[in-house]
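Biologist: I am new to this structure. Could you take one part of it and go through it closely, then set it in its surroundings?

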Amino acid sequence: MINDPISDMLTRIRNAVRIERRFVDVPLSRLRKGIADVLKREGYIWDYAEVEGEPAKILRIELKYGPNGEKIIQTVRRVSKPGRRVYAKCGELKPVLNGMGISIVSTSRGVISDREARQQKLGGEVLAEVC
């Protein structure tokens with residue numbers, strides 16, 4: 001039983017990047033698919049796909065590395081946790097690492113990056129930071 005599915009997904013990605021795996025598998029959910037979609041749009045992963053698995057579907061994330069094998073994802077940090085939820089308004093969403101990283105935000109219009117949230121003037125729950 002997983003208490004925090006988002007932390008589990010981020011930990012799997014962090015561990016796979018550390019050992020330079022090509023892809024990582026996580027159980028499928030709409031929220032995890034939304035996070036993977038944000039990572040793809042922002043250029044942190046190549047792609048993701050739904051794969052039939054037993055007993056449920058799996059989200060297979062293809063990780064991205066540089067031309068010389070350097071890691072694109074350096075750090076992944078969970079911000080809002082089950083014990084302490086972190087919410088931010090549009091004006092409170094500051095760039096991560098002076099714009100070199102992103103925050104993943106869950107809004108009323110779905111899971112989006114902090115850049116998209118500022119453009120659309122939306123706030124929400126800050127799920128994670130990726131740089």
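**A close look**

Modeller: Start with a side-chain pair: Asp4 and Ser7 make a polar contact of 2.5 Å. A polar contact is a pair of N or O atoms within 3.5 Å; within protein, one must be able to donate a hydrogen and the other to accept it, and residues adjacent in sequence count only if both atoms are side-chain atoms. The model is predicted, so local features need pLDDT of at least 70 and side-chain atom pairs pLDDT 80 or more, while totals for chains, interfaces and linings use all residues. Residues are numbered from 1 along each chain as its sequence is written, and side-chain values use heavy atoms, without hydrogens or water.

Asp4 has a second polar partner. Its side chain meets that of Arg78 at 3.1 Å. Leaving out residues up to four places away in sequence, Asp4 touches Arg78 and Pro82; contact means heavy atoms within 4.5 Å. Asp4 counts as buried because its relative accessibility is 14%. Buried means under 20% relative accessible area, exposed over 50%, and partly exposed in between (1.4 Å probe, protein chains only).

Asp4 sits in the segment before helix 1 (5-18). Helices (H or I, at least four residues) and strands (E, at least two) are DSSP runs, numbered from the N terminus. Follow helix 1 onward.

Two strands pair if DSSP finds at least two bridges between them. Five bridges join strand 1 to strand 3 (residues 58-63). Phe23 stands opposite Glu62 in strand 3.

Last, look at Tyr44. This residue is in the loop between helix 2 (30-41) and strand 2 (45-51). Tyr44 counts as buried because its relative accessibility is 7%. Its side chain reaches the backbone oxygen of Met100 at 3.2 Å. Setting aside neighbours within four places in sequence, its contacts include Leu39, Lys64, Ile72 and Val130.
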